[in-house]
Amino acid sequence: MHSSQGVLSGALPRIAADILERLRTASPAVHCITNTVAQAFTANVLLAAGAVPSMTLTHAEIGNFVESADALLINLGTFDGERREATLIALDVVRHRGKPWVLDPVLIDRSPPRAGFAKSLLARRPSVVRLNAAEFKALGGTPDAASVSHFAGEAAIVIALSGAKDIISDGQRHVAVTNGHPLMAKVTAMGCAASALTAACLSIEPDAIRAAASALLILDIAGEIAGDAANGPGSFASGVIDALHNLDAVALEQRAKVS
Amino acid sequence: MHSSQGVLSGALPRIAADILERLRTASPAVHCITNTVAQAFTANVLLAAGAVPSMTLTHAEIGNFVESADALLINLGTFDGERREATLIALDVVRHRGKPWVLDPVLIDRSPPRAGFAKSLLARRPSVVRLNAAEFKALGGTPDAASVSHFAGEAAIVIALSGAKDIISDGQRHVAVTNGHPLMAKVTAMGCAASALTAACLSIEPDAIRAAASALLILDIAGEIAGDAANGPGSFASGVIDALHNLDAVALEQRAKVS
Amino acid sequence: MHSSQGVLSGALPRIAADILERLRTASPAVHCITNTVAQAFTANVLLAAGAVPSMTLTHAEIGNFVESADALLINLGTFDGERREATLIALDVVRHRGKPWVLDPVLIDRSPPRAGFAKSLLARRPSVVRLNAAEFKALGGTPDAASVSHFAGEAAIVIALSGAKDIISDGQRHVAVTNGHPLMAKVTAMGCAASALTAACLSIEPDAIRAAASALLILDIAGEIAGDAANGPGSFASGVIDALHNLDAVALEQRAKVS
């Protein structure tokens with residue numbers, strides 16, 4: 001089942017560097033239906049990586065914005081009626097246009113109705129679902145490589161499970177990334193930004209597991225670089241943006257811990 | 001009336017250090033109904049202090065989030081119909097479950113309807129009301145120790161009045177804190193974050209005046225430490241988050257100006 | 001047509017320094033109907049310049065807030081039904097009270113319905129429209145001095161077109177500012193904040209072209225100062241706030257590139 005695993009993991013730093021360079025050249029537009037807490041940090045992460053964010057929600061405009069975007073993020077934080085309606089319109093557009101999209105089922109472990117909505121969105125085949133261990137459990141998974149692989153294979157999507165060890169799988173191939181920094185868990189919206197960056201990578205890389213694994217590797221290594229200089233989570237948050245803006249192939253190659 | 005005043009004020013640095021340590025160990029969940037301007041900074045202050053924020057508003061989910069939270073913040077900034085509905089549902093949950101909650105009547109001096117709503121919430125007995133001088137005047141108070149004490153006693157709640165001199169009273173006991181830094185008034189949501197931190201402290205400290213006074217002392221001293229190194233309000237804002245993350249009993253003891 | 005051009009451009013650093021000093025003394029209240037992505041950064045820019053922001057939207061309160069404000073910003077980012085309703089109420093107040101207001105038609109190039117709404121607002125005579133080249137094209141303009149001047153004259157408003165070269169015109173006079181830093185385009189809400197700062201300047205300077213040109217010059221020079229020390233867009237964003245807080249007449253005079 002994992003015959004191609006070694007090839008992908010060994011090549012990931014180079015793949016990620018290539019994706020990052022293409023992001024900076026192509027400046028893809030990423031439309032984000034995301035929570036109000038995460039919006040500014042998410043926008044700044046996308047800009048630092050070379051992408052162009054937009055975040056409108058209203059039903060009169062969401063179709064136009066998604067039509068002219070290269071990828072879509074659906075993040076379920078601070079979810080409300082306007083976001084639900086926007087999501088359904090946006091998903092119709094991406095289905096018709098064949099655009100990639102990412103689902104981030106934020107805090108579904110805290111809200112059964114939200115978990116139910118997340119499951120209904122899984123049936124619409126997001127390109128990637130990025131989530132943490134508690135959220136994966138709320139979908140019925142177990143936070144280990146075998147369960148992630150099984151879940152991804154059954155749903156025919158890529159699962160990107162974030163944590164001290166990130167596990168990314170499409171059911172056939174899987175990659176694990178152990179880069180990152182403990183302060184990443186102390187900055188609000190870091191996971192939300194990882195999902196947005198995944199959407200940006202998908203806009204220029206059709207192989208969804210490559211896009212998702214690259215996004216997590218890129219943000220994790222930016223986090224490590226920021227962590228080396230930070231005095232705490234405040235300076236760390238702006239340091240991650242700086243490091244992402246300055247990240248190059250050499251740092252990705254030297255720091256990557258991929259298996 | 002103030003027989004226990006000296007005991008509380010002298011012990012406050014140690015009480016605050018103990019609360020901060022318990023926050024970091026217990027990682028309480030604090031649900032925040034707060035304004036969109038303040039959400040990200042508030043979340044980062046809670047994370048830096050050891051708490052776990054959530055900020056959903058929608059009526060279908062607010063009950064679930066408050067059920068699984070340890071304390072609640074009601075902040076009246078950018079108040080709208082959704083926030084009003086969320087507030088009423090959330091307050092029913094905290095009443096049934098006996099959870100602590102904080103009211104922050106943001107800018108009620110600018111809006112008579114909002115002041116009226118704040119007064120109706122006072123009747124529901126928040127554990128603590130944290131506000132500034134203009135907001136206290138809009139509730140009929142005068143920003144001095146006697147008026148704060150009288151108001152707190154009449155309403156049977158703790159009043160935490162922020163300013164160059166913070167005054168905290170439950171009607172029987174009162175404490176004044178003169179720590180802080182002028183740049184605290186130049187960063188949006190600093191007061192909102194103080195209220196959220198008060199809610200976090202209440203989740204692990206049932207004596208509301210101890211919780212409120214500790215929250216203000218902790219944030220004020222983090223502000224002083226950040227102010228020593230800041231170049232202006234931008235670096236100050238991230239410096240406060242850093243200082244809060246790194247704050248310890250020694251700094252609290254050495255810097256506290258409590259009477 | 002441009003007989004007074006030289007006088008205004010030569011005097012602009014001094015005019016901007018005078019406006020900045022008056023902002024810090026008067027602390028005008030600026031009400032912002034702005035998008036959720038931009039709110040916190042916008043509030044911090046206004047505070048750093050000496051103004052006092054408020055951002056409430058709900059129809060029950062917007063009238064009270066605008067009545068007690070000195071200027072109004074209408075920013076069309078993340079525009080929705082609540083913002084549309086708030087805008088119409090707010091504009092009735094500013095018309096009756098003769099208060100200045102700024103229109104920022106964010107991303108109208110991405111959404112025909114929003115472009116249509118922006119055009120309907122032009123007919124209500126904003127004091128200043130601040131926008132970028134793509135947004136100006138969506139209004140039918142061409143991003144050069146002649147077109148900006150023509151458009152401003154026809155609409156009887158001030159147009160402030162931001163870019164590597166800012167062009168500000170009221171149809172009779174025009175000024176160009178070439179200060180700024182490339183990282184300004186990599187921080188979300190930098191343009192939104194420029195519009196808010198324009199509203200702040202208008203609250204104390206009735207000559208709208210002086211107010212708009214001063215706001216852009218002030219923010220551009222703060223950007224240059226921040227750019228000298230920044231490691232990337234994260235540290236740059238807080239550096240702009242610091243530089244704005246510390247900006248003085250000497251830096252404005254020494255750095256200004258105005259024609």
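**Salt bridges in a predicted model**

Q: In chain C, how far apart are C:Asp92 and C:Arg95 along helix H4?
A: They sit three residues apart in helix H4 (residues 81–97) of chain C, so about one helical turn separates them. Keep in mind that this model is predicted.

Q: What do their side chains form?
A: C:Asp92 and C:Arg95 make a salt bridge. Their closest N and O atoms are 3.2 Å apart.

Q: Why can side chains pair up like that?
A: Opposite charges can pair when the charged atoms come close.

Q: Is C:Arg95 buried or exposed?
A: Exposed, at 57% relative accessibility. C:Asp92 is partly exposed, with a relative accessible area of 33%.

Q: Which residues are joined into one network by shared partners?
A: That network is in chain A. Salt bridges join A:Asp170, A:Arg173, A:Asp207 and A:Arg210. One of the pairs is A:Arg173 with A:Asp170, at 2.9 Å from N to O.

Q: Are A:Arg173 and A:Asp170 buried or exposed?
A: Both A:Arg173 and A:Asp170 are buried.

Q: New topic. What does A:Arg114 pair with?
A: A:Arg114 forms a salt bridge with B:Glu61, 2.9 Å from N to O. A:Arg114 lies in helix H5 (residues 112–122) of chain A, and B:Glu61 in helix H3 (residues 59–67) of chain B, so this pair joins two chains.

Q: And how accessible is A:Arg114?
A: Its relative accessible area is 2%, so A:Arg114 is buried. B:Glu61 is buried too, at 5%.

Conventions. Residues numbered from 1 in each chain as written. Chains lettered and ligands numbered in written order. Predicted model: local features only at pLDDT ≥ 70, side-chain atom pairs only at ≥ 80, totals over all residues. Heavy atoms only, no water. Salt bridge = Lys/Arg side-chain N within 4 Å of Asp/Glu carboxyl O. Helix = DSSP H or I, 4+ residues; strand = E, 2+ residues; numbered from the N terminus. Buried < 20%, exposed > 50% of the residue type's maximum accessible area, 1.4 Å probe, protein only.
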